[in-house]
Structure formats: structure tokens, C-alpha cells
Amino acid sequence: MERIDKIVFGDNQFFGINHMSQEKAQQLAEKFYDIRNIYKVYDIAFNNGINAVMLNSNNRAKEICNYFRDHKSQYAHISWYPSVPYPHKYANLVAEKGIFSAINEVLFSNNSAMGVLGMVAKGGMAVLGKDAIKLMQMLVDAEFRIYKGLNVKALFLQNIITDLLLGYEMKDIFYEYCEFVRKKYKIIPGLITQNLPFLKARLKEWGISEVIICSSINKIGYLMSPDVEAYVECIRNNDVEKYQIMAMSTLASGAVPAKEAYEFINDLPIQSVVFGASQEKNIRETVHFIQLQ
């Protein structure tokens, strides 16, 4: 399995997401309403040695991807780690248009004529056969379209989907998702979870390997189930050839100071950290503190 980037720049800060402070979230949303401010922060991150980006498939992702495609010669060295789907997008579509109209828009909008015919044919089989695997493949295809032409290294399934499937022990969906991403797109499948020990144990039991697992990892157990001790044991006993581990929420949404947070992270055999920041000082400081084994 290809090694992933040690530091990946996340995007929560660009879209008004802060789990600890609604006021801070609103300030960020206002700051980045002008998308040019997002591009400026990306350039700051790249100038500080970061060469990888994680981007959720939210409502602004397409515009961001278009910008980087239009300036591909300038950003050819940047690796991309998309995460799909973006739950709020689907929730808003369903609320606005109803479930069937929402599915139709997600699957069949913005395609070429041949693309639509191909997906309709595939979709007909999914509906008639009630085949959840084909529907999953269609949704992955629909989400992945906006990243076409970028240097995509891995595709992550968001934790709201991963953990739901995990709760229902849906082995076949996990297996087919990973195989589909590997074979069709020639990239590494990724899974985001809030229960790293349980997910890794199930993947091992099911014979699913060569996967990136991204999870909250911090010293206070923020968004970590069942607890810090289980995570530490799981990570220390990990086989990196089968499962690369990416840490997110390392600062526990600001509850842990950066120096203290990365002393904990650096002591573990973790392959990658994804973090988001909007100020150059914080970006530079975080890059300095991350010293993975």
C-alpha cells in the first residue's frame, strides 16, 4: 500500500465548523464567505510545507476543485484526500425536494449524455434488484465527479456512514466499497470513524486490508469510543502494511494546547495527521509540532 502524506490540511475551518464554539464557527463562516480567502489560506499551508488536502464534498467543494484544476501547473504536487458524502447536502436536498427527487439530482445532474445513460442503466439494475452495492457504487461515482483531474490519493467514507454500516455489521458493503475504489479509481480506500478499535477489529476479521482509517485521536478522548486506552493499544499493535492510521481532532477542538497535543500524537505509531487552521501562526506552529515516527 502506498504511503500517505504525514500532514494533510483539512477544511472544517472554511465552512463554519467548530464543535466547541458556535461564535467561533460563525466568525469563520463570515471570513471565508469570500472564497478567495480560502485560496489564500491554502497557499499559506503549502508555503509551510504541507502538500496534501482533505476536502469534504460540500456545496463549495466543486468551486474549490475547479480553481485547483484551472491552476493545475501551480498545484500539481498537491495530493487530495476527498471525503464523501457530505451529510448536510443530502439532508437539505431531501428536505427541499423529497427523497426521490434528491436521489435523481445527486445521481443524474451535471453528467454528459453518455454518462447519464450509463448511470441510468446501472441505476435501473440497482432499483429493480434492490442491490445496495450498485447503489453505493453509483453514489461514489456521483460524489467523485468533482475531484476528476486532481491528484487524488485516497477516498474516505465519512464517519456518519462508516459507523452506521459498522453498527449493522455490513461486511459486504465495506468490502465492495474498498474494492470499487481500488479497482476503478486506482486509489486507496479510506474510512473515517469514531470507533477505531472496533472498526479495525472488524476489518481484520472480515479480511479487508490496505485501508486508511481516520479517527479522532487526542489525549482527552474527545470523539473517541470507547476510550483513550483502547485507542492507544489498538494503534501500538497496528500492522501498518494493512492499516494506515490518520489522526484528526488532535487538539480536541481547542481543548488541548498544540504542544501538549502533539507530544501525545508523536509518541504513537501514527502515519498521518489531518488538521485545519485559518491563521498562518497556527499552521506554522502545528507543522513544527507534528513529528511522526
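User: How are the axes and angles of helices defined here?

Analyst: Axes are lines fitted to C-alpha atoms, for helices over the stretch in contact, and angles run from 0 to 180 degrees between N-to-C directions. The model is a predicted one, in which local features need pLDDT of at least 70, side-chain atom pairs count only at pLDDT 80 or more, and totals for chains, interfaces and linings use all residues. Residues are numbered from 1 along each chain as its sequence is written, and side-chain values use heavy atoms, with hydrogens and water left out.

User: Why are helix 10 and helix 11 called oblique to each other?

Analyst: Helix 10 (residues 196-206) and helix 11 (residues 228-236) have axes that come within 9 Å and cross at roughly 40 degrees. Angles under 35 degrees count as roughly parallel, over 145 as roughly antiparallel, 65 to 115 as roughly perpendicular and the rest as oblique, and helix 10 and helix 11 are therefore oblique.

User: Which residues of helix 10 and helix 11 meet?

Analyst: Leu196, Pro197 and Lys200 of helix 10 meet Ala230, Tyr231, Cys234 and Ile235 of helix 11, where contact means heavy atoms within 4.5 Å.

User: What makes helix 2 and helix 3 oblique?

Analyst: Helix 2 (residues 35-47) and helix 3 (residues 61-70) pack at an angle of about 55 degrees, with axes 11 Å apart, and are therefore oblique to each other. The contact is made by Ile35, Ile38, Tyr39, Tyr42 and Phe46 of helix 2 together with Glu63, Ile64, Tyr67 and Phe68 of helix 3.

Conventions. Helix = DSSP H or I, 4+ residues; strand = E, 2+ residues; numbered from the N terminus.
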